[in-house]
Amino acid sequence: MVLAALAFAGGACQEAPAAPPKPAAPAPARPKSKDVAAEDYVMPTLPRAHVRLKDAYGGVHRLEVEVAATGESRTRGLMWRKSLASGQGMLFLFPEEEVRGFWMRNTLIPLDMLFITSEGRVVGIIENAEPRTLTNRTVGIPSQFVLEVPGGWCQKNGIVRGGTAEFEGVSTIPITP
């Protein structure tokens, strides 16, 4: 009868609004991996610089690079990257010259590796290094720097052993063992 009276008076019969649902408790934060080679490891932002490479015909190619100058960043390198644009790369800085070897563990894309002396001479190139392998890639000649660029980039741009490399914005980056 009360309901009929409310309807007659022009009112509407409505239930009281329900309390909003309580938000679900957030999932516990997953601890960040401390393993530099793990896919979920969060690498600090690396410094950026430029490398100028002379090709076999006297032309110059300028690349924007991330600079790996610490043990952690050199170990991580380009692991887990799904792409690397033409004109981009990673420059590995080491404290001194010695014979270097690189592998492609957890690296998903083929890369060209240029081994460069402290004087800026390209002493060797590994082209199209196969991804996800533990093969040690070396040119057997001491180098202080290694530049990684997209696979096939060196051949496409006429970059050959014996060429020169100049670095821009690298001299102020500290190199740690």
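Glutamate 168 is partly exposed, at a relative accessible area of 26%, where buried means under 20% relative accessible area, exposed over 50%, and partly exposed in between (1.4 Å probe, protein chains only). That makes a handy way into this predicted model, in which local features need pLDDT of at least 70, side-chain atom pairs count only at pLDDT 80 or more, and totals for chains, interfaces and linings use all residues. Residues are numbered from 1 along each chain as its sequence is written, and side-chain values use heavy atoms, with hydrogens and water left out.

## Salt bridges

Glutamate 168 has a partner: arginine 52 forms a salt bridge with it, with 3.7 Å between the closest N and O atoms. The term stands for a side-chain nitrogen of Lys or Arg within 4 Å of a carboxyl oxygen of Asp or Glu. This pair connects distant parts of the chain, since arginine 52 sits in strand 1 and glutamate 168 in strand 7 (residues 165-168), 116 residues apart. Helices (H or I, at least four residues) and strands (E, at least two) are DSSP runs, numbered from the N terminus.

By this rule there are six salt bridges. Another one is between arginine 48 and glutamate 64. Arginine 48 belongs to strand 1 and glutamate 64 to strand 2, so this pair ties together parts that are 16 residues apart in sequence. Then there's glutamate 98, which forms a salt bridge with arginine 100. Salt bridges with shared partners also join Arg52, Arg62, Glu166 and Glu168 into one network.

Here are the relative accessible areas of some of these residues.

| Residue | Relative accessible area | Class |
|---|---|---|
| Arginine 48 | 48% | partly exposed |
| Glutamate 64 | 28% | partly exposed |
| Arginine 52 | 31% | partly exposed |
| Glutamate 98 | 40% | partly exposed |
| Arginine 100 | 9% | buried |

## The chain as a whole

The chain holds three helices and seven strands, and from the N terminus on its elements run α-β-β-α-β-β-β-β-α-β. Of its 177 residues, 39% count as buried. Contact means heavy atoms within 4.5 Å; among contacts between residues at least 6 apart in sequence, 69% join residues at least 24 apart. The accessible surface comes to about 10700 Å², and 56% of that belongs to carbon and sulfur atoms. Those areas come from the Shrake-Rupley method with a 1.4 Å probe; for residues, only the protein chains shown count as cover.

## Nonpolar cores

In soluble globular proteins, nonpolar side chains tend to be buried together. A nonpolar core here is a set of buried Ala, Val, Leu, Ile, Met, Phe, Trp, Tyr and Cys residues joined through side-chain atoms within 4.5 Å. The largest one has 21 residues, and the members touching the most other members are Leu53, Val65, Leu91, Leu93, Leu114 and Leu147. At least two residues of this core come from each of strand 1 (48-54), strand 2 (60-68), strand 3 (88-99), strand 4 (111-116), strand 6 (142-150) and helix 3 (153-157). Apart from it lies another core, of 17 residues, including Leu84, Phe92, Phe94 and Met104.

Leaving aside neighbours within four places in sequence, leucine 53 is in contact with residues including Leu63, Leu114, Val122, Leu147, Trp153 and Ile159.

How many residues of strand 4 are buried? Six of the six, so the strand is largely enclosed by the rest of the structure. In a regular strand the side chains alternate between the two faces of the sheet. Both faces of strand 4 are covered, with Leu111, Met113 and Phe115 buried on one side and Asp112, Leu114 and Ile116 buried on the other.

Two strands pair if DSSP finds at least two bridges between them. Strand 4 runs antiparallel to strand 5 (residues 122-129), and five bridges join them. Across that pairing, methionine 113 stands opposite isoleucine 126. The hairpin of the two has five residues between the strands, and glycine 120 takes a positive phi near 90° there.

Strand 4 also pairs with strand 6, again in the antiparallel sense, over six bridges. Here leucine 114 has leucine 147 as its bridge partner in strand 6.

Leaving aside neighbours within four places in sequence, serine 143 is in contact with Glu96, Glu97, Glu98, Arg100, Phe115, Ile116, Thr117 and Val123.
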